[in-house]
Amino acid sequence: MIKRMVTINGAPRMAITRPDTTLATYLRESLGLTSVKVGCGQGHCGSCNVIVDGKLVRSCSYKMSRLTEGATITTLEGIGTPDNLHPLQVAWMAHGAAQCGFCSPGFIVSAKALIDTNPKPSRDDVRDWFQKHRNACRCTGYKPLVDAVMDAAAVVRGEMKVDDLLYRIPADGRIWGTKYPRPSALAKVTGTLDFGADLGIKMPEETLRCALVQADVSHAKILGIDTSEAEKMPGVFKVVTHKDIKGKNRITGLITFPSNKGDGWDRPILCDEKVFQYGDAIAIVCADTEEHAKAAAAAVKVDLEVLPAYMSAPAAMADDAMEIHPGTPNVYFEQHLVKGPETKPIFDKADVVVEDDFYVGRQPHMPIEPDVGFAFFNEDGKLCIHSKSIGLHLHLYMIAPGLGIEPDNIIMVQNPTGGTFGYKFSPTMEALVGAAAMATGRPVFLNYSWYQQQTYTGKRSPFFINLRYAATREGKLLAMESDWSVDHGPYSEFGDLLTLRGAQFIGAGYDIPSIRGLGRTVCTNHAWGSAFRGYGSPQSEFASEVLMDELAEKLGIDPLELRYRNVYREGATTPTGQVPEVLSLPELLDTARPRYLAAKEKAARESTAEVKKGVGISVGVYGCGLDGPDTAEIAVELNEDGTVTIFATWHDHGQGADMGTLGTAHEALRPLGIAPENIRLVLNDTAVCPNAGPAGGSRSQVVVGRAIKAGCELLLGGMRKADGTFRTYAEMRDEKIATRYSGKWSAPCTDCNAEGQGSPFAVYMYGVFLAEVSVELATGKTTVDKMTLVADIGKIVNRLTVDGQLYGGIAQGIGLALSEDFEDIKKHSTMPGAGFPYIKQIPDEIDLVYVEVPRPEGPFGAGGVGELPLTCPHAAIINAIHNACGVRVTRLPALPEKVLAGLQGK
């Protein structure tokens with residue numbers, strides 16, 4: 001043990017601790033200073049930043065033995081508090097820089113250290129600082145963070161006033177479409193919002209810490225599990241295996257298409273007979289400390305017979321491949337696409353035919369916060385599971401039969417969540433902590449390391465696509481033929497739905513009268529496929545948008561003009577035969593055209609013999625909803641003090657569910673003249689909130705938003721008097737009029753049939769991406785210099801949240817295009833190894849241009865937003881690389897060596 005006298009946030013402290021304890025652990029667990037977050041745990045993300053003796057340090061890798069006697073330490077708690085904010089915290093709120101908010105404390109502390117040493121930084125200075133100190137953000141695209149630092153520095157210098165940054169409600173009281181800060185912003189920028197790990201370490205003393213025993217191979221038969229040595233180790237309460245699980249020990253996919261050859265019961269909670277992928281959980285050690293739990297987990301002996309591992313769809317489809325799930329073929333679902341006349345005669349007679357093969361790979365979600373959750377039995381004997389789930393009711397029904405507990409006896413709660421980007425559409429640890437709590441009868445807490453997050457949560461499912469277009473010499477698309485294989489990993493949940501997305505979005509945006517396609521879902525032994533922002537469109541539209549450029553090249557037509565001739569207009573239908581609800585794509589391209597032409601001129605002017613510049617374009621389309629009659633239910637209640645409470649499961653990845661709920665409810669309740677602060681939000685707790693459905697497919701603003709609008713209108717109806725004024729709570733009570741109402745809405749849509757035809761979505765989002773890149777001819781390295789997105793997402797609910805979603809999605813698209821991958825489990829298990837884009841990989845120039853066409857079925861004309869920015873910015877980047885240097889990359893990511901090989905092969 002060591003003793004140090006130190007000063008922390010201005011107060012003297014005697015620190016007595018082990019020398020190898022990290023500073024982050026000491027601050028968090030000994031002092032409760034949980035603004036200090038632990039993300040990667042390896043010094044790669046900066047969420048743990050604190051200032052030690054005037055220098056910025058990453059406290060997750062800083063040992064207490066390094067602290068000198070008398071050291072001075074500053075955490076976010078010492079920079080500003082909710083009632084005494086630092087200009088950085090105010091600026092963070094003003095610019096919407098705290099989205100999920102997990103990385104915000106680390107960035108603000110980092111920015112404080114920068115301003116202390118350089119009170120007048122340039123934007124490049126800020127970007128260089130964050131790059132040098134490895135501050136990582138997955139949500140924002142970094143631009144709002146730089147904006148916030150620049151304004152805060154101006155306030156510190158006395159060139160601006162803090163009041164200049166504060167939001168002021170307009171005279172009409174309307175916050176719809178404004179920059180009203182999200183309700184959670186203050187807690188996020190002060191570090192007072194407790195995320196899952198913060199809550200976990202504050203649980204009662206009897207809480208058991210959990211560690212997983214996991215497979216270190218990708219496919220094997222389990223011959224035996226020996227827990228005897230582990231059970232004798234210090235602090236161990238119980239080692240939980242499949243034998244302790246009372247139910248079916250399977251997580252059900254819940255919904256499978258009729259033609260799916262599997263039954264959806266293929267994913268074990270704890271492996272019993274086989275290991276299906278690297279990292280599969282085999283046992284859970286429950287102990288008094290995390291250290292004891294991990295030590296015992298290492299002592300569990302698992303006897304395995306290693307089997308052939310099929311790590312890609314082609315490998316699993318080979319004739320000699322064994323069935324990964326015996327009795328279910330590795331190709332377990334097929335989706336046909338049949339629209340219009342037969343395509344073969346059209347292709348035979350067409351003036352021009354283009355064809356190519358495409359691959360979009362296993363993009364990892366890479367949230368800064370690793371997966372985390374806990375479980376306990378409440379005073380009513382119900383099992384309560386707290387996690388990062390973005391589908392509480394969905395997950396409840398997926399895990400209850402496997403655990404052997406009635407759904408009515410489970411309560412699911414979403415903790416404040418440090419980003420998911422879709423991976424939490426699938427349950428991850430929910431069943432594990434549930435099983436541990438049931439087996440031990442004690443509260444349990446499980447916190448993944450970032451390595452576990454990366455290797456044992458779902459990833460984007462790779463698509464292998466062959467695509468053909470037939471066109472006239474004038475550039476009119478006549479027909480399309482597509483074939484796609486989806487590598488969905490070993491577990492089938494939502495695999496058929498994802499495969500359907502290929503039918504819906506390959507060729508989306510264009511009026512193609514004749515289409516034939518066939519897609520298939522393939523079981524493999526690589527990481528299981530889970531939802532990821534864009535869900536099927538980044539794979540699908542990458543193929544169709546790059547092939548559009550190939551067609552333009554073959555025809556000698558400008559890529560923008562070719563798109564302009566073919567996008568949806570009156571009389572057009574989508575690939576599924578649906579009539580688009582609005583026809584804004586021509587206007588989006590018209591809006592983009594002058595920017596596109598200026599970018600081309602700039603690229604030609606600035607290209608050199610060593611560095612070639614190029615411009616690329618793509619069209620992005622995505623639907624808002626879960627297919628067919630997607631439904632949500634909420635509750636709205638008038639309270640005795642005149643406030644109104646909204647109860648909803650509008651789950652928050654970090655995208656701003658609280659702001660979406662508040663903005664929509666406030667707009668609906670404007671006849672009352674109610675202030676936004678008098679609308680209370682109760683979100684994401686199945687004990688008190690109706691089932692509004694999961695947060696995926698950009699559905700929430702449309703489907704949940706319509707339910708909120710409906711509920712508020714019912715409340716207004718009950719409150720309204722004959723003279724048009726409104727009753728008070730007391731008057732409602734006295735007249736025995738209900739003060740609580742249920743709002744419901746179902747989308748007026750139809751599911752796609754076996755041939756891929758139907759009207760699956762009530763609202764779509766549309767965008768045009770422009771990418772400007774530089775390619776170094778000596779190395780093949782590509783730099784994105786600027787991105788522009790011209791977007792139509794309907795009426796904007798809140799400008800800060802919408803801007804933030806687009807910035808962040810574009811940044812993820814840049815990563816998908818150039819660096820991100822999870823193919824090599826060892827190499828790609830860290831942030832740098834997996835190609836995480838830090839600030840210097842993302843351009844400071846990102847322009848957002850809005851064309852707001854009201855959506856007939858959206859609440860107050862609004863559509864969704866989250867998926868649009870990742871539909872296909874990567875296609876625009878790949879098209880820009882070809883425009884710059886003549887190399888066309890069709891298998892992502894476009895690593896420098898891949899581009900260089902193309903240059904050398906020309």
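Reader: Which residues is T428 in contact with, leaving aside its neighbours within four places in sequence?

Author: In this predicted model, T428 is in contact with R267, D371, Y423, Y448, T457 and W528, once neighbours within four places in sequence are set aside. The word contact is used because heavy atoms of each pair lie within 4.5 Å.

Reader: Why is T428 called buried?

Author: The relative accessible area of T428 is 4%, and the limit for a buried residue is under 20%; T428 is therefore buried. The residue is placed in the loop between β18 (410-414) and α13 (430-440). Its C-alpha atom is 8.4 Å from that of S389, a residue 39 places away in sequence.

Reader: What makes R516 a buried residue?

Author: R516 has a relative accessible area of 16%. The limit is under 20%, so R516 counts as buried. This arginine belongs to strand β22 (residues 514-522), and its side chain reaches the backbone oxygen of K339 at 3.0 Å. Beyond four places in sequence, its contacts include L337, V338, G340, M480 and S482.

Reader: Why does C752 count as buried, and where does it lie?

Author: The relative accessibility of C752 is 15%; buried means under 20%, and C752 therefore qualifies. It lies in the loop between β27 (740-746) and β28 (764-776). T576 is 176 residues away along the chain, with 7.3 Å between the two C-alpha atoms. T576 is also among the residues that C752 touches, as are L500, Q504 and P760.

Reader: Which residues have a positive phi although they are not glycine, and are they buried or partly exposed?

Author: D53 is one of them, with a phi of about 50°, in the loop between β3 (49-52) and β4 (55-58). Its relative accessibility is 44%, between the limits of 20% and 50%, so D53 is partly exposed. Y142 is another, with a phi of about 75°, in the loop between α4 and α5. Its relative accessible area is 1%, and Y142 is therefore buried.

Reader: How do you know that the bond joining L892 and P893 is a cis peptide bond?

Author: The omega angle of that bond is about -5°, and the bond is assigned as cis. P893 has its place in the loop between α23 (873-885) and α24 (896-904).

Reader: Why is the pair of E291 and R18 called a salt bridge?

Author: The closest N and O atoms of E291 and R18 are 3.5 Å apart; the cut-off is 4 Å, so the pair is a salt bridge. This pair links distant parts of the chain, 273 residues apart, with E291 in helix α9 (residues 290-299) and R18 in the loop between β2 (11-17) and α1 (23-30). R18 has a relative accessible area of 40% and is partly exposed.

Reader: What makes R123, K143, D147 and D844 a network?

Author: These residues are linked by salt bridges. The side chains of D844 and R123 meet at 2.6 Å, N to O. For D147 and K143 the closest N and O atoms are 3.8 Å apart, within the 4 Å cut-off, so this pair also counts. D147 and K143 are separated by about one helical turn, because they are four residues apart in helix α5. Both D147 and K143 are buried.

Reader: How many salt bridges and polar contacts does the count between domain 1 and domain 2 give?

Author: Between domain 1 and domain 2 there are three salt bridges and 17 residue pairs in polar contact. On the side of domain 1 that touches domain 2, α4 (123-132) is among the elements giving two or more residues, and α4 gives the most, with five. The area buried between the two domains is about 2,700 Å², with 58% of it from carbon and sulfur atoms. In domain 1, R127, R138 and W176 lose the most area to domain 2.

Key
Residues are numbered from 1 along each chain as its sequence is written. This is a predicted model: local features need pLDDT of at least 70, side-chain atom pairs count only at pLDDT 80 or more; totals for chains, interfaces and linings use all residues. Side-chain values use heavy atoms; hydrogens and water are left out. Buried area is the accessible area (1.4 Å probe) that two parts lose on being put together, summed over both. A polar contact is a pair of N or O atoms within 3.5 Å; within protein, one must be able to donate a hydrogen and the other to accept it, and residues adjacent in sequence count only if both atoms are side-chain atoms. Buried means under 20% relative accessible area, exposed over 50%, partly exposed in between (1.4 Å probe, protein chains only).
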